[in-house]
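Here are some friendly notes to read with the model open beside you. Take the points one at a time, and find each place in the structure as you go.

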Amino acid sequence: MSELLVVEDLQKYFPVTRGLIFQKEVAQVKAVDGVNFTLNAGETLGVVGESGCGKSTMARCIARLLEPTGGKIIFDGRDITHLDRNGMRPVRRDMMMVFQDPYASLNARMRVGAIVAEPLEVHGIGTDTDRKRRVQELLEIVGLNPEHYNRFPHEFSGGQRQRIGIARALAINPKLIICDEPVSALDVSVQAQILNLLKDLQQDFQLTYVFIAHDLNVVRHVSDRVMVMYLGKPVETGGKVDLYAAPKHPYTGALLSAAPIADPTLGRARKQIVLTGDVPSPLNPPAACRFHPRCPRFVDGKCNVDEPLLTPVAGAQDHEYACHFPLEHWPMGEDEFRRRASLAETTG
Amino acid sequence: MALLEVTDLTTRFRTDDGIVKAVTGVSFTLDRGQTLGVVGESGSGKSVTFLTLMGLVDRRHAQVSGSVLFDGQEILGASGSRLQKIRGRRIGMIFQDPMTSLNPVKRIGWQLEEAVMLHNDVTRAEARRRSVEALEEVEIPRADSRIDAYPHQFSGGMRQRVMIAMALINKPEVIIADEPTTALDVTTQAQILRLMEKLQNDRGTAIVMITHDLGVVAELSNEVLVMYGGRVVEQAGVDDLFAKPEMPYTWGLLGSLPRPEIVADRLEQIPGQPPSLLHPPQGCAFNPRCPYVFDRCRTELPELRPSPLGADHQFRCHLGDEDRTRIWAAKKASLAATTEGSAA
């Protein structure tokens with residue numbers, strides 16, 4: 001398999017400025033701070049984390065909607081990190097995005113036909129008749145009625161609108177589609193339809209996805225590999241099977257156990273890590289391990305002093321985590337919860 | 001006596017295109033300290049049911065019938081001033097989107113104090129004291145200083161906590177929560193659900209949890225109503241419902257949920273769209289999407305009937321007892337098979 005997308009040490013810092021005329025940089029928000037991954041053609045990388053952990057910023061950097069501060073993005077063998085507008089133009093034919101909010105990402109004053117045809121027009125593909133035929137074909141592919149060509153977005157439900165967004169992303173046969181929380185705003189039943197559609201399209205058109213979500217269970221159904229992010233950094237990455245069978249980072253464990261279980265008996269029996277508070281501000285992130293103030297396995301004197309680096313899991317391929325005290329058992333045992341008071345206690 | 005007793009509640013909206021049958025013949029009871037989960041897709045009538053019983057639908061365009069007894073008194077069609085004494089005081093409401101339900105140009109504290117002073121004869125200082133207390137109760141850190149913040153200074157989860165604090169501030173007997181966690185991250189959702197559970201245990205408040213997610217229902221409810229096309233299609237205790245759901249729509253909802261223990265490549269999906277309530281299908285409203293449909297479903301509306309396992313478990317379906325048992329057994333087996341796959 002060939003590597004389609006390689007991201008090396010990607011960084012995106014937003015400056016915080018003071019002053020009206022002479023703007024002085026007073027601080028930096030490190031939204032993305034050192035992300036590495038390689039994505040093979042035809043694969044899906046799931047990216048998971050809470051709001052504010054930098055996953056959308058990362059996606060926007062890859063699509064070059066934002067200028068990365070540092071690092072490298074190699075797409076299809078070309079370094080696109082600092083290409084200018086003209087240089088990006090041919091690259092954009094191979095890279096499309098699907099956005100979270102199907103209500104906000106479609107122009108309310110354009111007809112569906114024009115919305116889906118827009119990428120074709122921008123890249124000057126085909127004549128008007130060709131485009132119309134292509135749009136109708138696309139609507140059919142995503143499960144909409146091709147006769148709805150002349151309707152406006154408000155005439156469709158949320159799920160149907162997300163299908164329109166997907167049709168638009170498919171229009172120019174891209175190689176990579178970046179899906180930024182495509183199902184978070186949808187009903188559970190519609191969510192299943194869209195997830196299945198994305199899977200079918202991947203098989204039919206050999207697509208590669210970067211799939212962003214805040215729910216690990218959603219990502220599981222579409223991903224080959226999963227990356228869990230916290231405050232701009234990956235805390236655990238791994239193949240789907242390894243990561244779900246034996247998560248190592250407590251944050252991964254918290255995300256997995258936070259999702260509601262549709263079975264009252266199982267739900268009452270399971271152990272849950274309920275994180276308190278919100279993701280801290282990336283303006284002033286906690287020292288060392290950024291997760292330590294919320295971590296149930298925090299050890300004073302270690303986690304807040306020494307930053308854990310990504311370490312491979314013994315015996316597993318391609319499964320890495322950044323934690324000094326990884327989870328030992330999954331499903332969790334009683335002792336995994338205890339907030340460990342100090343380093344002395346654990347070593348002694 | 002039940003705290004809330006709803007009988008045959010029906011809401012119709014007159015529109016330019018015709019009459020929208022938003023809610024048809026919904027009946028249920030809610031006791032003190034209980035949690036009722038109401039599940040259905042967008043457009044199933046679940047929100048309108050509760051807006052109607054709170055008197056929040058526009059009477060110029062809506063026809064409402066049936067009966068709503070709250071603490072033994074009829075409140076359906078009650079005067080605005082009488083309802084105002086109940087709403088916010090004895091029945092609290094939490095809405096889905098905390099950004100649009102909070103006033104963006106007023107401080108959090110002002111909005112909470114308003115809720116207190118509307119229903120109690122107290123000074124602003126006393127109202128403020130109660131507001132700080134309410135914020136502390138929903139676990140907002142440094143409540144005494146955060147009370148002067150504006151809504152945009154709070155994260156989504158914190159705003160939803162403020163909404164809960166506002167609903168709770170007058171110690172209501174019932175809280176109606178309309179998709180309180182839908183806009184939130186899973187971790188924040190878990191926090192909010194735990195918080196609601198705790199408040200219920202402390203105070204014995206009855207909760208109505210409106211959601212499209214059966215997982216949320218399983219976590220929090222005692223009783224469950226499944227709604228489809230404006231009608232209740234299944235009604236049962238939470239354990240009964242998840243042990244043996246009787247209606248194909250409920251099977252579909254369960255199958256479409258991504259579950260941690262299932263690794264199947266495809267999710268089971270309910271094909272198609274929810275029905276138009278302007279022109280609902282003949283017979284069973286679910287028949288155009290039902291994989292087990294037969295002739296009778298297309299002509300005759302199935303009545304709500306008790307399950308063979310118990311009279312408390314009611315559902316609408318024409319399928320015979322044996323067929324339903326067989327189909328559910330097969331579904332359950334396929335779920336169990338994938339579960340073992342994940343363990344291996």
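1. Let us start with helix α3 of chain A, residues 112-122, whose buried residues are Val112(A), Ile115(A), Val116(A), Ala117(A) and Leu120(A). A residue is called buried if 20 or more other C-beta atoms lie within 10 Å of its own, exposed if 12 or fewer, and partly exposed in between, with C-beta atoms placed from the backbone. Helices (H or I, at least four residues) and strands (E, at least two) are DSSP runs numbered from the N terminus. The cover over the buried residues of α3(A) includes α4 (128-141) and α5 (158-170) of chain A. Just after α3(A) comes Gly124(A), with a positive phi of about 60°.

2. A word on what you are looking at. This is a predicted model, in which local features need pLDDT of at least 70 and side-chain atom pairs count only at pLDDT 80 or more, while totals for chains, interfaces and linings use all residues. Residues are numbered from 1 along each chain as its sequence is written, and chains are lettered from A and ligands numbered from 1 in the order in which they are written.

3. Now look for positive phi values outside glycine. Asp9(A) is not a glycine, yet its phi is positive, about 50°. Asp9(A) sits in strand β1 (residues 3-18) of chain A, and it counts as exposed because it has 12 C-beta neighbours inside 10 Å. Asp76(A), also not a glycine, has a positive phi of about 55°. Asp76(A) is found in the loop between β4 (70-75) and β5 (78-79) of chain A. Is Asp76(A) exposed or partly exposed? Asp76(A) is partly exposed, because 17 other C-beta atoms lie within 10 Å.

4. Chain A has its domains listed as domain 1 (1-94 + 175-188 + 204-223), domain 2 (102-173) and domain 3 (249-348). Such bounds come from an automatic or database domain assignment. Taken over C-alpha atoms, the centres of domain 2 and domain 3 of chain A are 44 Å apart.

5. In chain B, the division is into domain 1 (32-55 + 79-90 + 175-344) and domain 2 (98-171). Their centres, over C-alpha atoms, are separated by 32 Å. The contact between them takes 11 residues from domain 1 of chain B and 12 residues from domain 2 of chain B; two residues are in contact if their C-beta atoms, placed from the backbone, lie within 7 Å. Which helix gives the most to the domain 1 side? Helix α8 (residues 186-203) of chain B does, with five residues. The domain 1 side holds seven nonpolar residues, three polar and one charged. Here Ala, Val, Leu, Ile, Met, Phe, Trp, Tyr, Cys and Pro count as nonpolar, Asp, Glu, Lys and Arg as charged, and the others, Gly among them, as polar.

6. Stay in chain B for a helix pair. The axes of α4 (residues 108-119) and α5 (residues 124-137) of chain B come within 8 Å and cross at roughly 115°. Axes are lines fitted to C-alpha atoms, for helices over the stretch in contact, and angles run from 0 to 180 degrees between N-to-C directions. By class, the contact has five nonpolar, two polar and four charged residues.

7. Finally, see how the chains meet. The contact takes 36 residues from chain B and 33 residues from chain A. On the chain B side, α8(B) gives the most, with six residues. That side divides into 14 nonpolar, 13 polar and nine charged residues.

8. One helix pair spans the two chains. The axes of α9 (residues 250-258) of chain A and α8(B) come within 8 Å and cross at roughly 60°, so α9(A) is oblique to α8(B). Ala254(A), Leu255(A) and Ala258(A) of α9(A) meet Val186(B), Thr187(B), Gln189(B) and Ala190(B) of α8(B). Five of these contact residues are nonpolar, two are polar and none is charged.

Technical notes
Angles under 35 degrees count as roughly parallel, over 145 as roughly antiparallel, 65 to 115 as roughly perpendicular and the rest as oblique.
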